[in-house]
Amino acid sequence: MNFYQHAGRILDKLARHEGTIKGLVIGDPKVWDKKKMYALVCETLKYKQVLNEIIDATKICEIEKRLKRSLALVLIHDLLFTKRGITVRNDVPLKQCVMRHQSRLKAELIKIKVKRGVLSNDDLVSEKVKNAVLIPRYVRVNEHKLSVEKAVQTFQKEGYVLINYPEKLDILKPKEFCVDAHLHDMLIFHPKTDFHAHPLYVSGHIILQDKASCFPAHVCQVPQGAHAIDACAAPGNKTSHLSALMKNTGKIWAFDLDARRLGLLKKLTTKAGCKNITPVHGSFLDADPLDTQFSNVEYLLLDPSCSGSGIISRLDHLVDDNDDENGANTQEQATTQEERLKNLSEFQISVIEHAMKFPKAKRIVYSTCSIHPEENEHVVKTVLERHPEFELAPRESVLSTWHRRGLPKEMEGNKDLADRLVRTIPAEDLINGFFVSCFIRKEDDSSITIEQQNKRKSPFINNNNNSLSTNKKRKNKKRKTALTQ
């Protein structure tokens with residue numbers, strides 16, 4: 001029964017938007033069969049609307065006081081929607097709470113099918129779930145072990161057909177693939193292509209990683225032989241990507257506060273053939289920027305905790321399905337969400353500001369898998385206002401070929417600054433929702449004029465001053481015109 005109870009707790013956390021399905025399943029140390037747990041949570045969410053109707057109609061949670069709704073959802077799911085049923089002994093009390101109502105539960109399911117005019121359980125899945133975005137299978141070639149050219153040749157020998165990068169990725173057929181148009185080490189396959197048992201994946205020659213999460217390492221542009229820090233590194237995909245782009249030269253310090261996740265990073269990066277990574281068990285915020293070991297750190301990759309609101313590749317769209325019908329969009333939850341975003345943004349800002357304390361830091365990449373401006377443009381804006389010694393890297397060095405940029409309205413209308421940011425929209429770009437920014441240290445102020453220094457203080461203050469100056473000029477012009485008349 002512990003398995004079902006853990007599943008119920010994950011559903012509760014998902015309802016409170018405390019993480020993603022994948023993150024919460026992997027992050028639960030008490031779950032030994034993570035694949036089975038992931039499947040149960042996803043399948044329960046698929047039928048959540050129907051299950052809630054059955055629970056309400058039977059009033060099972062009111063009758064059985066010990067049965068929480070989240071636990072009832074997973075138990076009733078297995079009873080009604082799987083051949084195996086509830087896989088615990090019959091004498092377990094919580095199973096008995098459900099089995100006592102078995103006939104009524106099955107009768108309600110039949111009523112719902114009759115009412116909707118359907119015959120199979122699959123037809124009960126909501127249209128939102130059926131029409132959900134299917135993201136292609138993105139495969140990063142691990143250049144520590146394999147060149148992109150050889151990877152392409154290997155897949156062609158296996159019967160895959162290489163095509164030119166299409167205008168729309170959703171036209172890819174099951175045995176077709178292409179090389180990504182923006183990232184040189186990325187291959188793209190049909191969404192249902194499964195490589196988990198493929199020899200190249202098992203050996204670490206390829207890494208299954210969403211395209212958007214590969215953006216930060218490319219934007220960081222760490223040259224060979226340099227020193228870098230991955231501040232929030234686990235589970236290690238971005239760290240191994242940095243290592244590959246650096247050709248296993250230089251040094252990368254990989255920080256993570258969670259010992260278990262850091263262990264996963266060590267395992268993943270070892271499998272990937274990384275030899276320039278030093279794992280550090282601890283918070284990046286506790287690292288001393290003046291420590292001599294970090295004296296040559298110039299590049300920092302920051303991907304701190306965020307809401308995860310952009311992640312949809314692992315069926316997280318199921319979490320919000322039918323929320324309106326279940327009264328989830330209450331003012332109270334909106335307030336909770338607002339407070340959570342505020343807390344997250346404050347933490348994110350602190351991570352960026354700590355990175356800026358490293359004496360030789362000259363390129364700091366900040367990214368999130370969030371779609372909320374509070375964690376993205378607003379964080380960037382706050383940091384720029386507080387730290388005039390840094391500015392945003394120009395678009396040319398921040399994935400210049402990527403079309404979707406930051407939101408100008410969230411940057412006080414500054415289109416130039418917004419253009420230096422990178423955003424993605426899952427439904428349109430067919431990748432996870434993501435945000436990437438890059439701060440670079442300005443050149444030594446002693447080499448520029450006082451006027452230039454003043455202009456650099458804050459792009460937002462400058463905009464305001466410029467607008468004020470323009471208004472004054474207009475007023476003066478009007479006054480002169482009035483006097484001549």
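Reply: Start with Arg-404, which forms a salt bridge with Asp-429, the closest N and O atoms lying 2.8 Å apart. This pair links distant parts of the chain: Arg-404 sits in the loop between S11 and H17, Asp-429 in helix H18, and 25 residues separate them. Here a salt bridge is a side-chain nitrogen of Lys or Arg within 4 Å of a carboxyl oxygen of Asp or Glu. Helices (H or I, at least four residues) and strands (E, at least two) are DSSP runs, numbered from the N terminus.

The model is predicted: local features need pLDDT of at least 70, side-chain atom pairs count only at pLDDT 80 or more, and totals for chains, interfaces and linings use all residues. Residues are numbered from 1 along each chain as its sequence is written, and side-chain values use heavy atoms, with hydrogens and water left out.

Arg-404 also has a salt bridge with Glu-428, with the closest N and O atoms 3.0 Å apart. Glu-428 lies in helix H18 (residues 426-429), and Arg-404 in the loop between strand S11 (390-392) and helix H17 (415-419), so this pair ties together parts 24 residues apart in sequence.

Now burial. The classes are buried (under 20% relative accessible area), exposed (over 50%) and partly exposed in between, with a 1.4 Å probe and protein chains only. Arg-404 is buried at 18% relative accessible area. Asp-429 is buried too, at 8%. Glu-428 is exposed, at 55%.

Next, another pair. Side chains of opposite charge can pair when their charged atoms come close. The side chains of Lys-211 and Asp-180 meet in a salt bridge, 2.7 Å from N to O. They too link distant parts of the chain, 31 residues apart. Lys-211 is in the loop between strand S5 (206-208) and helix H12 (215-220). Asp-180 is in the loop between strand S3 (176-179) and strand S4 (186-189). Lys-211 is buried, with a relative accessible area of 1%. Asp-180 counts as buried at 7%.

The structure holds 20 salt bridges.

One more lysine. Lys-238 is found in helix H13 (residues 237-245). Lys-238 is buried, at 15% relative accessible area. Contact means heavy atoms within 4.5 Å. Leaving out residues up to four places away in sequence, Lys-238 touches Gln-209, Ser-213, Pro-216, Ala-217, Asp-230, Leu-301, Asp-303 and Phe-434.
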